[in-house]
Amino acid sequence: MAETDFLSQYSIQRWLEMCPQGYLDDTTYGHESGLTEPEDLLANDDLREASIALTVQLIAGERAALAASSGLVNAAPDHASKAFLATQTLDEARHVEIFTRRLIDLGVKEEDVDSTVNDLANPNLVKFAEVLLEKVGNGDFIAGVVGQNIVLEGMAFSVFELLQATSKDLNPKFAQTLAGTIADERRHVGFGENRIGSLIREHPERKADIERMQAEMSYHMLATFTDVFRGSGPTMDRERQAAAAEGRDLGSAEWHGTDVMAASTDDIEALLAGTVINEFKTRLGRIGIEYQDPKVPA
Amino acid sequence: MSKATDEQTAPAEEQGNRPAAAYESVPGTVQPDEPGDGQAPRRTYELEDTGFREVPKRWRKFYRVWQGPGDSLAPNEIICPVCKVVIRSHREFRPGDRAYCMPCMSRMIVVRMPDGTLGAEVIYQ
């Protein structure tokens with residue numbers, strides 16, 4: 001059977017029916033027209049700045065995904081994979097656009113978007129992207145797809161789910177934006193697992209190199225989580241205290257058995273890191289790659 | 001959600017119900033019936049659209065979002081191990097069946113898990 005048999009039902013036409021004519025139909029920048037960022041978020045400088053910092057990390061991650069998926073189009077050894085990656089490239093470009101639009105909605109001037117992203121993008125996230133883009137730049141399709149569609153997308157899948165759970169009640173606009181990206185990620189991780197699942201059997205000699213890349217990317221991912229949660233922890237604590245003092249109910253949001261609206265930032269970081277790592281282990285294990293523990297970030 | 005019809009007391013052929021082949025299924029879904037295998041006829045289900053919009057309209061009723069704790073799977077449902085979407089069929093799933101997850105393009109075979117529930121293993125081709 002051909003290596004890309006799993007793509008036999010996939011086509012640009014199918015992508016059109018699933019995305020623009022499916023879950024993105026009637027959306028503007030990924031959400032229902034007319035929805036805005038919550039007034040209390042825009043009026044609170046502390047919260048607004050924390051939201052800008054978080055959104056910058058999403059943009060940085062999506063810019064890396066855009067560079068990687070577009071680079072992999074030319075590295076792909078078959079036409080079916082090229083066509084899929086072309087649709088993924090447009091998905092990633094859309095993600096960059098909708099998160100950039102959110103930055104502007106949060107008050108960043110259009111002409112300041114790039115400098116804001118450059119200033120606030122976490123250095124570990126930048127290194128995470130560099131490890132991946134080096135493989136893509138070398139035309140290494142197998143390592144590039146594992147790095148992009150299993151490691152990066154696997155991380156994004158869990159991060160977006162967590163953010164969506166916390167935004168569902170407090171920020172429907174952001175939650176809707178995330179729902180569309182989660183739907184996109186399903187296809188991307190599906191492509192990664194299925195394409196590499198067959199390829200790695202033909203190239204077992206590549207496993208060691210791929211496992212090294214995964215460990216390096218995981219290290220920078222965990223370090224990014226640590227930095228981001230350390231940075232946002234005080235804001236989150238202040239907001240919770242203010243809400244309690246004013247008698248405002250922030251509600252609850254269960255994610256993987258934990259109420260993330262009540263949990264400490266340390267606990268949320270541990271939950272997110274544990275969830276992503278477990279997913280890596282499961283996904284990589286299914287395709288015959290052994291997950292490698294990274295060095296523990298300082 | 002799913003409304004079950006018990007084929008056990010109303011075998012398709014004898015009662016004039018639609019034969020198994022008449023039930024629409026997503027391409028890639030294979031649920032063979034082997035005459036004389038000693039198994040009861042499969043239960044059948046009416047599928048309703050649950051608002052899942054990640055596949056073309058024709059196929060939407062065959063998938064739904066897993067709701068997390070508190071949700072449960074009917075006998076005609078399995079979870080895609082790759083993207084966690086619930087895959088649904090008009091007919092009860094059994095070990096050995098093949099299923100296709102259109103949202104993430106994975107093909108899988110239905111297996112009996114150690115805890116007795118039905119699960120799926122991805123087939124990489």
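The structure is a predicted model, in which local features need pLDDT of at least 70 and side-chain atom pairs count only at pLDDT 80 or more, while totals for chains, interfaces and linings use all residues. Residues are numbered from 1 along each chain as its sequence is written, chains are lettered from A and ligands numbered from 1 in the order in which they are written, and side-chain values use heavy atoms, with hydrogens and water left out.

Chain A brings 35 residues to the contact and chain B brings 25, where contact means heavy atoms within 4.5 Å. Between them, about 2,400 Å² is buried, and carbon and sulfur atoms give 50% of this area. Buried area here is the accessible area (1.4 Å probe) that two parts lose on being put together, summed over both. On the chain B side, Met105(B), Tyr124(B) and Gln125(B) supply 34% of the area that this chain buries against chain A, more than any other three residues.

Three salt bridges are counted between chain B and chain A, a salt bridge being a side-chain nitrogen of Lys or Arg within 4 Å of a carboxyl oxygen of Asp or Glu. In one salt bridge, Asp5(A) meets Arg107(B), at 3.8 Å from N to O. Strand 7 (106-112) and strand 8 (118-123) of chain B each supply at least two residues of the side that touches chain A. Helices (H or I, at least four residues) and strands (E, at least two) are DSSP runs, numbered from the N terminus. That side of chain B divides into 17 nonpolar, three polar and five charged residues. In this grouping, Ala, Val, Leu, Ile, Met, Phe, Trp, Tyr, Cys and Pro count as nonpolar, Asp, Glu, Lys and Arg as charged, and the others, Gly among them, as polar.

Four bridges join strand 6 (residues 98-101) to strand 7 of chain B, with Arg98(B) partnered by Ile109(B) and Cys101(B) by Ser106(B). These two strands form a hairpin with four residues between them, and Met105(B) in the turn has a positive phi of about 70 degrees. Strands 7 and 8 of chain B pair over six bridges, and Val111(B) stands opposite Gly119(B). Their hairpin has five residues between the strands, with Gly116(B) at a positive phi near 95 degrees.

The other sheet described here is also open and antiparallel, with three strands of chain B in the order 3-5-4. Its edges are strand 3 (63-65) and strand 4 (77-79) of chain B. Strand 3 is joined to strand 5 (residues 85-88) of chain B by three bridges, and Tyr63(B) has Ile87(B) as its bridge partner.

Over all chains, the count of salt bridges comes to 29. One of them links Asp184(A) to Arg187(A), with the closest N and O atoms 2.9 Å apart. Both residues lie in helix 8 (residues 172-202) of chain A, three residues apart, about one turn of the helix.

Technical notes: Pairing = 2+ DSSP bridges.
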